[in-house]
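Subject: Structure handover

Hello,

Here is the structure you will be working with. Please open it next to this email.

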Amino acid sequence: MKRVLVYAAAAVMLSTTPALAAADDTSAAAMFVTWLIITACYFFPSIVAFLRGHHQVVPIFLTNLFFGWTVIGWIGALIWSASAITYRRLT
């Protein structure tokens with residue numbers, strides 16, 4: 001589960017690297033920080049689910065990834081990530 005988030009973040013970072021290399025150092029740093037903040041805000045429901053140890057991190061991440069651009073999808077993923085965590089007993 002952790003690896004999915006790390007691989008997705010790495011893929012996004014690698015896809016935007018050439019655009020950052022074309023600008024000067026100051027604007028490249030500002031663009032990177034801006035990109036980082038926007039990405040963190042976009043994936044906020046996934047981050048919340050991961051930090052809370054939610055039992056459905058991957059479905060929340062996929063919902064956030066594919067439907068987060070719609071406001072309803074982002075809000076739905078946020079509500080889902082903040083919902084109660086249930087644990088199954090192995091008996």
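Below are some notes on aromatic pairs and on one helix.

This is a predicted model, in which local features need pLDDT of at least 70, side-chain atom pairs count only at pLDDT 80 or more, and totals for chains, interfaces and linings use all residues. Residues are numbered from 1 along each chain as its sequence is written, and side-chain values use heavy atoms, with hydrogens and water left out.

Aromatic pairs. Rings of Phe, Tyr and Trp (its six-membered ring) pair if their centres lie within 6.5 Å; planes under 30 degrees apart are stacked, over 60 edge-to-face, and the rest tilted. The count is 3 aromatic pairs. Tyr42 and Phe43 are edge-to-face, because their ring planes stand at 90°, with the centres 5.0 Å apart. Phe43 also pairs with Phe61, and this pair is stacked, at 5.7 Å centre to centre and 20° between the planes. Phe43 lies in the loop between α2 (25-42) and α3 (44-52) and Phe61 in helix α4 (residues 57-67), so the pair ties together parts 18 residues apart in sequence. Helices here are DSSP runs (H or I, at least four residues), numbered from the N terminus. Tyr42, Phe43 and Phe61 form one aromatic cluster.

Burial. Buried means under 20% relative accessible area, exposed over 50%, and partly exposed in between (1.4 Å probe, protein chains only). Tyr42 is partly exposed at 24%, while Phe43 is buried at 15%. Phe61 is buried too.

Helix α5 (residues 71-81). Its buried residues are Gly73, Ala77 and Ser81. They line one face of the helix, because they fall within an arc of 65° seen down the axis of α5 (the arc is that of the directions from the helix axis to the C-beta atoms). On the other side, Val71, Ile72 and Ile79 are exposed.

Regards

Notes. Helix = DSSP H or I, 4+ residues; strand = E, 2+ residues; numbered from the N terminus.
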